[in-house]
Amino acid sequence: MGTNMDRPIRIGAVNYLNSKPLICGLEELAPQAELSLDLPSRLADQLAAGQIDVGLIPAIEYFRGAGYSVVPNIGIVSRGPVLSVTLFSRVPWAGIRRLALDVGSRTSAALAQILLRKRHNMEPDILSLPLDRAAEEVEADAVLLIGDRAMHACLPGFAHAYDLGAEWHDWTGLPFVYAFWAVRPGVDLGPVEEALHAAKRRGKDQVGQIAHRESAVLGLDAGFCRRYLSNIIHFDLGPREQAGLYHYYTLACELGLADRGVSLEYYRSRHLAQSC
């Protein structure tokens, strides 16, 4: 028996520009569901606490032992530069001793540590960068910013701005997966699963309209937003993306940032599972 028989499916999505194509028209496509928007880190906590049923969570959270399943072939991915995950640093990689991490981040926070520790052999002290604190005020050699906050930031006092999507791709040659839809154990999405796929299809077809609308909200150039959604961010979770995700997971395990022995399990509706 499912855990959601008598109430709407609760969907939690990231409130960033890069998630907008994945929730395009979702409230219309899934009228039986409830949609809420929040930071990636908060969505992860809400899914773990059972406050939402399916969430667009940071990829690293899947590998921290919660027993989730993944809605197939939907994700937030880069295949090179990402533009919205930036490590601003006062010094080159080899000089980073203190690193401040955006509290909204989980996957990118682990990625920054992987790059520093595995690629550059650095073991920095880790600090927290609250959402209400300016990056320039933190006594750190480098700060990690993600999402719309990163795209707005200039930080002239920091000599270097490292795009972590580009850094990962230059190092591994693989795409990087930031987030995907994860489903709590025991939850039957019913028609909401197809609504998630339909929203993605609609969103990819309407990136121009999405970019135009969201640029006004964010105070960003509309052309930049369109190029970002059309050419920088990708939304498929195919074999190559899964290879990048698995490599990231392996490195995270080696650094104690994820639980070992977690495999990628894809969501199957209860109806399909019972008919097999």
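This is a predicted model: local features need pLDDT of at least 70, side-chain atom pairs count only at pLDDT 80 or more; totals for chains, interfaces and linings use all residues.
Aromatic rings were examined across the structure. The count comes to 11 aromatic pairs. One of them joins Y62 and F63. Y62 and F63 are both buried. F63 also pairs with Y249. Here the centres lie 4.2 Å apart and the planes are at 20 degrees, so this pair is stacked. F63 belongs to the loop between helix 3 (59–62) and strand 4 (69–78), whereas Y249 belongs to helix 10 (residues 239–254). The pair therefore ties together parts that are 186 residues apart in sequence. Y249 is buried, as is F63. Ring pairs gather Y62, F63, F180, Y246 and Y249 into a cluster. Elsewhere, a charge meets a ring: the charged end of R90 sits over F158, 4.1 Å from the ring centre.

The cysteines were considered next. The whole structure contains 0 disulfides. C24 is in no disulfide, and its nearest cysteine sulfur belongs to C225. C24 is buried at 10% relative accessible area. C225 is also buried, at 0%.

T107 lies in helix 4 (residues 107–119). Its relative accessible area is 3%, so T107 counts as buried. Beyond neighbours within four places in sequence, T107 contacts P58, A59, I60, F176, V177, Y178 and Y248. With Y178 there is a polar approach: a polar side-chain atom of T107 lies 3.3 Å from the backbone oxygen of Y178.

Definitions and conventions. Residues are numbered from 1 along each chain as its sequence is written. Side-chain values use heavy atoms; hydrogens and water are left out. Helices (H or I, at least four residues) and strands (E, at least two) are DSSP runs, numbered from the N terminus. Buried means under 20% relative accessible area, exposed over 50%, partly exposed in between (1.4 Å probe, protein chains only). A polar contact is a pair of N or O atoms within 3.5 Å; within protein, one must be able to donate a hydrogen and the other to accept it, and residues adjacent in sequence count only if both atoms are side-chain atoms. Contact means heavy atoms within 4.5 Å. A disulfide is a pair of cysteine sulfur atoms within 2.5 Å. Rings of Phe, Tyr and Trp (its six-membered ring) pair if their centres lie within 6.5 Å; planes under 30 degrees apart count as stacked, over 60 as edge-to-face and the rest as tilted. A charge sits over a ring if NZ of Lys or CZ of Arg is within 6 Å of the ring centre and within 35 degrees of the ring normal.
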